[in-house]
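I am opening my notebook on this structure. I will write down each thing I look up, one entry at a time.

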Amino acid sequence: MSTMNTKEALYNFCLRLGDNNLILGQRLAEWCSNGPILEEDLAMTNLSLDHFGQAEFMYEYAAELEGKNRTADDIAYLRNERGYFNSLITEQPNGDFAFTMMKQLLYSTFAKYLYETLSASSDKRLSELAARALKEIKYHLRHSSEWVIRLGNGTEESRIRAQQALNELWWYTADMFVVNETDKELIKAQIITDLSGLYPKWKSSVEETLKLANLTIPAHGHMYKGGYDGNHTEHLGHILCELQYLQRAYPGAKW
Amino acid sequence: MTEEEKLTRFNSKIDKEEKIEPKDWMPDAYRKTMIRQLSQHAHSEVIGMQPEGNWVLRAPSLRAKKILLAKIQDEGGHGLYLYSATETLGIDRDEMIQQLHEGKAKYSNIFNYPALTWADIGAIGWLVDGAAIVNQISLQRTSYGPYSRGMIRICKEESFHQRQGYEIMVTMMNGTPEQKQMAQDAMNRWWWPSLMMFGPPDNDSSHTKQSMRWKIKRESNDVLRQRFIDKTVDQAHFIGLTVPDKDLKFNKSTGHWDIGKINWDEFHEVINGNGPCNKQRLAHHIKVHNEGRWVREAAMAFAENETRTKKELVTH
Ligand SMILES: [Fe+2]
Ligand SMILES: [Fe+2]
C-alpha cells in the first residue's frame with residue numbers, strides 16, 4: 001500500500017531524474033583531461049555539462065515541491081547513499097572509452113524515450129523540463145551511437161572492447177524500466193504513463209544500433225535492479241564522497 | 001625573386017604592421033620561433049586542464065561545477081584552435097605532441113604547481129588567467145596573422161575566466177574564517193608564480209630582442225609584468241587579501257607598485273623540471289595519450305573502411 005501522496009511522489013520522481021543526470025554527469029566529468037583525443041575529452045565534458053544543467057532544473061523543481069526552503073544544491077549535495085534514486089547504470093565506473101560510450105548509448109536511448117513521453121505530461125513544469133532536456137539528449141544519443149558503431153567496425157581490439165562493454169553493462173539496463181511506488185502514484189494521478197512501456201521501443205532502437213556495430217547482446221545473466229528505491233552498487237558511495245566533500249567538510253559555508 | 005628580395009619584402013611587411021600569413025615567405029628562424037611559441041601556448045592550454053580538472057568532481061555547488069567545466073572546455077578549445085594555427089606553419093599536431101612528450105616543447109611553468117584547495121581554482125582563474133590576458137592582449141598585435149586572430153578570439157573568453165576566478169575569491173573572503181584562510185593561502189602560493197609567468201627580466205631574456213624586432217612579441221616581459229601587478233594588487237586589497245610581499249610599495253613618482261625581489265632560482269628550478277608537478281603533468285599526458293591510441297586507431301580504420309565502401313559503391 002502506498003503512503004505517498006502525489007506531491008511526494010512527484011518530488012521523488014524529480015530526484016530520480018536529477019540524480020540520473022547528476023551521477024552520470026559526475027562520471028563523465030572524470031574524463032576531463034583523460035580523453036583519448038582532445039576533441040573527445042571536450043565532447044565528454046560537454047555531455048557532462050548538459051547533465052549537470054538538467055540535474056539543476058530537476059532539483060530546483062524538487063525544492064519547490066518540497067517547500068522547505070532548500071536549494072537545488074542542498075538537494076544535490078546533502079543526501080546520503082540511500083536517498084539517491086538514480087538508476088544503477090549511471091553510477092557504474094567509466095571503464096575504457098568503449099565502456100563509457102556504450103553506457104551513454106544505453107542510457108541516452110532510454111532518456112530520449114523517457115523525455116519524449118514526459119514532454120506530454122499533464123504536469124506543466126515536468127513537461128517543460130523534459131522538452132528542454134530532450135534536445136540535448138538527442139545529441140548525446142547521436143554522439144554515442146556513432147562511436148559505438150565506429151568502435152564495433154574499427155579494429156579487432158576496438159570491437160572486442162565494445163563487445164565486452166556491452167556484456168557487462170547489459171545487466172544494468174532493466175533497472176531503468178523499474179516501476180515502483182513513486183510511479184504508481186504518478187500513474188494514478190495521470191502525471192506519467194507506465195514507463196515500463198518504453199522498454200520495447202528502447203530495445204528495438206538499441207538492437208538496431210548494435211546490429212550496425214556488429215555487436216551481440218549477451219544471452220544469459222542476471223539483471224540488477226534497485227536504483228530507483230535507493231538500493232545501489234558500492235560505487236555510489238565513492239562518487240558521493242568526492243561530490244559532497246566541501247559541502248560536508250564546511251557545513252553551512254557559501255561557495 | 002631572390003632570397004634577399006624576399007627578406008626585404010618580409011621586413012617591410014613587418015615594418016608596415018602588416019600580418020604575415022601562412023602562404024607568405026618567411027625566414028626559417030621566424031617560422032621556428034613561431035612554431036616554438038605557438039605550440040608552447042597550445043600545450044599550455046591543454047596541460048592547464050589538469051590542475052583545474054583536479055577539482056571538477058569536488059566543486060562545491062552545481063553552479064561552480066558548471067562554470068569550472070565550461071572554463072576547462074574553453075581552455076581545451078583554445079588548445080585545439082592554437083594547434084590548428086601552429087599547423088599552418090607546417091607541423092602537425094602529432095609531431096607537436098611528440099615534442100612535448102620528449103621534453104623538446106615546453107608548456108607554461110605555472111601548471112607545474114598543484115591545485116591544492118578549492119581556493120586554488122579561484123586563484124588560478126584570477127591570477128593565472130589574469131596574467132595570461134595581459135600577455136595575450138599584447139599578442140593581439142603579434143605579426144603572425146593566425147596567432148593574432150587567435151588571440152583576439154581567445155581574450156574574450158579569458159576575461160570571463162578571470163572574473164569568475166575573482167568571484168570565487170570574493171565569495172571566500174566574505175565567507176567563514178576557514179574560507180578566508182584558504183583564500184589567503186592560495187594567494188600566498190600563486191602570487192609569485194603568476195609574476196614569473198611573464199618570463200625572466202628583460203636584461204636576461206634570450207628570445208626577447210629578436211622577437212620584438214619581428215613584432216612577434218610587442219611589449220617586454222617587465223612591462224607586461226608591471227601592468228599585471230598594478231591591476232591585481234588593487235583587486236587583492238579590495239577584498240582584504242594580503243599580497244605576500246613585504247617590500248610591496250606604491251611608488252608615487254612612477255604611479256606603479258614596486259615589488260620585492262622575484263626568486264628567479266625557483267623559476268629556473270621549475271623550468272628545469274624540478275617544480276612540484278612537472279613529472280606528474282607530463283606523465284599524465286603521456287599515459288592518457290598512450291591509453292587512447294586504440295581509440296584513434298579504431299576511428300582511423302573505420303574512416304578508411306567508409307571511404308573504401310563509398311568508392312566501391314561509385315565504381316559498381
Ligand atoms: Fe586559455
Ligand atoms: Fe582561461
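**Entry 1: a pair in chain B**

I began with Lys246(B) and Asp247(B), whose side chains meet in a salt bridge, 3.8 Å from N to O. I note that this is a predicted model. Next I looked up how open each partner is. Lys246(B) has a relative accessible area of 79%, so it is exposed, the cut-off being over 50%. Asp247(B) has 43%, so it is partly exposed. I also found a network in chain B. Salt bridges that share partners join Glu52(B), Lys71(B), Glu75(B) and Asp129(B).

**Entry 2: pairs within a helix**

Side chains of opposite charge can pair when their charged atoms come close. I looked for such pairs inside helices.

Asp222(B) makes a salt bridge with Arg225(B), and their closest N and O atoms are 2.8 Å apart. Where do Asp222(B) and Arg225(B) sit? Both are in helix H10 of chain B, residues 221–238. They are three residues apart, so about one helical turn separates them. Asp222(B) is partly exposed, at 30% relative accessibility. Arg225(B) is buried, because its relative accessible area is 4% and the limit for buried is under 20%.

In chain A I looked up Glu157(A) and Arg161(A). They form a salt bridge with the closest N and O atoms 2.8 Å apart. Both lie in helix H7 of chain A, four residues apart, about one turn of the helix. Glu157(A) is partly exposed, with a relative accessible area of 36%. Arg161(A) is partly exposed too, at 24%.

How many salt bridges does the structure hold over all chains? I get 30.

**Entry 3: where the chains meet**

The size of an interface is often given as the accessible area lost when the parts come together. Between chain A and chain B, the buried area is about 3,900 Å². Carbon and sulfur atoms give 72% of that area. The contact takes 48 residues from chain A and 44 residues from chain B.

I then turned to charges across the contact. Two salt bridges run between chain A and chain B. The side chains of Lys66(B) and Glu56(A) meet in a salt bridge, 2.5 Å from N to O.

Which elements of chain A give two or more residues to the side that touches chain B? Among them are helix H1 (6–29), helix H2 (38–66) and helix H10 (235–249) of chain A. H2(A) gives the most, with twelve residues. The residues on this side of chain A divide into 24 nonpolar, 13 polar and eleven charged.

**Entry 4: the nonpolar core**

I looked up the largest nonpolar core, and it has 172 residues. Met102(A), Tyr115(A), Tyr30(B) and Trp118(B) have the most contacts inside it. Helix H5 of chain A, residues 97–118, gives the largest share of this core, 14 residues.

**Entry 5: a serine in chain B**

My last stop was Ser211(B), in helix H9 of chain B, residues 208–213. Is Ser211(B) buried or exposed? Its relative accessible area is 5%, so Ser211(B) is buried. Not counting residues up to four places away in sequence, Ser211(B) touches Thr33(B), Ile216(B) and Lys217(B).

Note on methods
Residues numbered from 1 in each chain as written. Chains lettered and ligands numbered in written order. Predicted model: local features only at pLDDT ≥ 70, side-chain atom pairs only at ≥ 80, totals over all residues. Heavy atoms only, no water. Buried < 20%, exposed > 50% of the residue type's maximum accessible area, 1.4 Å probe, protein only. Contact = heavy atoms within 4.5 Å. Core = buried A, V, L, I, M, F, W, Y, C linked by side-chain atoms within 4.5 Å. Buried area = accessible area lost by both parts, 1.4 Å probe. Salt bridge = Lys/Arg side-chain N within 4 Å of Asp/Glu carboxyl O. Nonpolar A, V, L, I, M, F, W, Y, C, P; charged D, E, K, R; others polar.
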